[in-house]
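Please open the model in the viewer and keep the selection panel at hand.

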Amino acid sequence: SYLNPAHERRAAEALRGAVLTVRSDQLEPTDDPDEFHDLELEGLRVVQVSGAEVGVVREVLHTPAGELLAVRTPDDREVLVPFVSAIVPEVDLAAGRLVVDPPEGLLDAG
């Protein structure tokens, strides 16, 4: 059936600014062990490979360059950690933590 382009445009404009939400209990786990939903990562404890505490994932930021983890440190700073396997070698949802192996200077106070 033919849809009127003007009607389609009005319908799309009516949705501008709408926020689509999904309850976290409705999220299907991904089949890829290296993919995670933002809600699975938010709230995880962040520790270095050495075991040193870094903080807690506050938010996942999606940027043109890739995903960044906004981590709140115990001294109430925020550090941005690129969510790439070279820097985040382990995500353990069952244990509620992720391990980071940051390059020198990444976690320093700026």
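This is a predicted model: local features need pLDDT of at least 70, side-chain atom pairs count only at pLDDT 80 or more; totals for chains, interfaces and linings use all residues.

**The whole chain.** Begin with the cartoon view, in which two helices and six strands can be traced. From the N terminus on, the order of these elements is α-α-β-β-β-β-β-β. Now display the surface: the chain exposes about 7,900 Å², of which carbon and sulfur atoms supply 52%. Of the 110 residues in the chain, 20% are buried. Among contacts between residues at least 6 apart in sequence, 30% join residues at least 24 apart.

**The largest nonpolar core.** Next, select Val46, Leu69, Val71, Val81, Val88, Leu98 and Val100; within this core of 15 residues, they touch the most other members. Strands E2 (53–63), E3 (66–72), E4 (78–82) and E6 (97–100) each give two or more residues to the core. The largest share, three residues, belongs to E2.

**Val71.** Centre the view on Val71 and show its surroundings. Beyond its neighbours within four places in sequence, Val71 is in contact with residues including Val46, Val54, Val56, Arg77, Glu78 and Val81.

**Thr73.** Move on to Thr73, in the loop between E3 and E4. Is Thr73 buried or exposed? Its relative accessibility is 7%, so Thr73 counts as buried, the cut-off being under 20%. Display side chains here to find the polar contact of 2.3 Å between those of Thr73 and Asp75. Not counting residues up to four places away in sequence, Thr73 also touches Val54, Gly55 and Val79.

Notes: Residues are numbered from 1 along each chain as its sequence is written. Side-chain values use heavy atoms; hydrogens and water are left out. A nonpolar core is a set of buried Ala, Val, Leu, Ile, Met, Phe, Trp, Tyr and Cys residues joined through side-chain atoms within 4.5 Å. Buried means under 20% relative accessible area, exposed over 50%, partly exposed in between (1.4 Å probe, protein chains only). Helices (H or I, at least four residues) and strands (E, at least two) are DSSP runs, numbered from the N terminus. Contact means heavy atoms within 4.5 Å. A polar contact is a pair of N or O atoms within 3.5 Å; within protein, one must be able to donate a hydrogen and the other to accept it, and residues adjacent in sequence count only if both atoms are side-chain atoms. Accessible areas come from the Shrake-Rupley method with a 1.4 Å probe; for residues, only the protein chains shown count as cover.
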